[in-house]
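Work through the exercises below with the sequence and the model side by side, and try each task before reading its solution.

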Amino acid sequence: MVVAWSRVMAEIKENILSPWEIETFIENFQALPLDEFGTKKWFEHHKALMLLNQQSILEISSMREESVKELFISFQKIPVLIYEAIQIEIWKHKVFPLLIEINDEPSNTFILFSVFYHEELSVSLLENVLYHAEAIETMNDCIIDLIDYAINNVAHLLFGKKHELEITDETSPCLQELLEKWSELEFDIGIKCISILRYLAEFADNLPLCALSRLLSTHDLPYLLCQLIEMKPWIKLINGDKFSYNGKWEKNDSSMEEKISKIEGQVWFGLREILLNPICSSYYEVTEFRLSQFLKLQKFLYEHVLDQIPPLLDLRRWLSYLNVTSQTLNAQRPVTVEIIPEIRTAIMEKHNKKWKRLAKNQSKTLFTKNIDEIKATAQILSESYDMNKIEIVDGKKCFLCKNTANKRCSKCKEAWYCDRECQVKDWNNHKDFCSKIESFKETND
């Protein structure tokens, strides 16, 4: 009994949240209205979402039971995450510019950044939960809102959109930092939305007919995915060096030249699933224009791509068939009832012509210069920004083989390894550094 209890306590220490905290947070998880942004209640809500996201990432990375996912599904809280993401997106474009107009520049960035970051947290949890097919069944009609939201954010990766506020020579450093963070978060959200669209394509058989029609007929998802393969927004060149995005921009070394990134793999899988699924063909007519776009994919299906993603052989055969037949595949579309996205419409109608009043009310909290209020907000968020917890979920690489690592040196706590074998092999290189770190810590204690 004592041994069993010790194991339970050890497992709890390795978690961000205890099992009962996870259940309580998710069971009581409700979207707060725009009127409450910046209040103590909202920051408590933000903190809970951040901790749940960290716990979810930890469960996935350590390949353990995904309790966060299970509880979001069983309590049917996925629609709340969708609502949260859309509400913040509306706030950014309707309220934030008015806040700057009324208050000029912010005195600090962390309070406003927390609101921006709230959207990214919601999308991150959606990405984690929607990996599983059973999550589709709990979304009901709000899946239409999710489809529109994800498509718009992926389109932003390709074609961009201007913020209502642009950085100029006169922009204050504080506001400039905030706008740059806004752009970074929007890019990351767009990347996560690629994964969400891939999962929707993979689970097309489970989607309601209105959702399938929305993806294919309204938004032309296959064409959007083709554009992603061609433009590759997750790759950029800086001074002749190639960088790839994987949560952050990393410089490619020679070993990565032919390696397919995780993001590109998501796009290819999404294309394969949506184009080869017989159910989807009923909603998607391969017109002459679409045919020309699909045939462009052939030049990207190199042998090294097929070696890394063997299921793409089926897609290449399908493309070859299109090329040989030189004709479009016409499908008679079934009659479907189109559902209007409810979440965005409801929020916009509720606050129609009230945006300026909302901005004036939020100025009191989001632009506060009261030191006590700022300290109180920082205190609420301090637990979720605990560096020890962040280190647990932040992807570390093995000091020796560079693979994902989840163990670290027990002495200096600075070196990370994927397993005991790599740690032993690297000891001769690490021991001097380890001793210096220990001595430094002892001196500064």
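This is a predicted model: local features need pLDDT of at least 70, side-chain atom pairs count only at pLDDT 80 or more; totals for chains, interfaces and linings use all residues.

Residues are numbered from 1 along each chain as its sequence is written, and side-chain values use heavy atoms, with hydrogens and water left out.

**Exercise 1. The whole chain**

Task: State how many helices and strands the protein chain has, and what percentage of its residues is buried.

Solution: Begin with the secondary structure, where helices (H or I, at least four residues) and strands (E, at least two) are DSSP runs numbered from the N terminus; the protein chain has 22 helices and seven strands. Next take burial, for which buried means under 20% relative accessible area, exposed over 50%, and partly exposed in between, with a 1.4 Å probe and protein chains only; of the 445 residues in the protein chain, 47% are buried. Finally look at contacts, meaning heavy atoms within 4.5 Å: among those between residues at least 6 apart in sequence, 76% join residues at least 24 apart.

**Exercise 2. His 45 and Gln 30**

Task: Decide whether His 45 and Gln 30 are buried, partly exposed or exposed.

Solution: First locate the two residues: His 45 is in helix H3 (residues 40–61), whereas Gln 30 is in the loop between helix H2 (19–27) and H3. His 45 has a relative accessible area of 10% and is therefore buried, while Gln 30, at 45%, is partly exposed. Their C-alpha atoms are separated by 8.7 Å, although the residues are 15 apart along the chain. Leaving aside neighbours within four places in sequence, Gln 30 is in contact with His 45, Lys 77 and Val 80, and the contacts of His 45 include Glu 84 and His 118.

**Exercise 3. Gln 87**

Task: Find which backbone atom the side chain of Gln 87 reaches.

Solution: Start from helix H5 (residues 78–94), where Gln 87 is found, and note that Gln 87 counts as buried because its relative accessibility is 1%. The side chain of Gln 87 then reaches the backbone nitrogen of Leu 34 at 3.4 Å. Leaving aside neighbours within four places in sequence, Gln 87 is in contact with Leu 32, Pro 33, Leu 34, Phe 37 and Ile 347.

**Exercise 4. Helices H8 and H9**

Task: Describe how H8 and H9 lie relative to each other.

Solution: Two packed helices are described by the angle between their axes and the distance between the axes. Axes are lines fitted to C-alpha atoms, for helices over the stretch in contact, with angles from 0 to 180 degrees between N-to-C directions. The axes of helix H8 (residues 143–159) and H9 come within 8 Å and cross at roughly 130 degrees. Angles under 35 degrees count as roughly parallel, over 145 as roughly antiparallel, 65 to 115 as roughly perpendicular and the rest as oblique, and H8 and H9 are therefore oblique to each other. Among the residues that meet, Ile 143 and Tyr 149 are in H8, and Phe 187 and Leu 200 are in H9.

**Exercise 5. Positive phi**

Task: Determine whether Asn 140 and Lys 232 are buried or exposed.

Solution: Most residues other than glycine have a negative phi. Asn 140, in the loop between H7 and H8, has a positive phi near 55 degrees, and counts as exposed at 54% relative accessibility. Lys 232, in the loop between helix H11 (221–231) and strand S1 (235–238), has a positive phi near 45 degrees, but counts as buried at 19%.

Note on methods:
A polar contact is a pair of N or O atoms within 3.5 Å; within protein, one must be able to donate a hydrogen and the other to accept it, and residues adjacent in sequence count only if both atoms are side-chain atoms.
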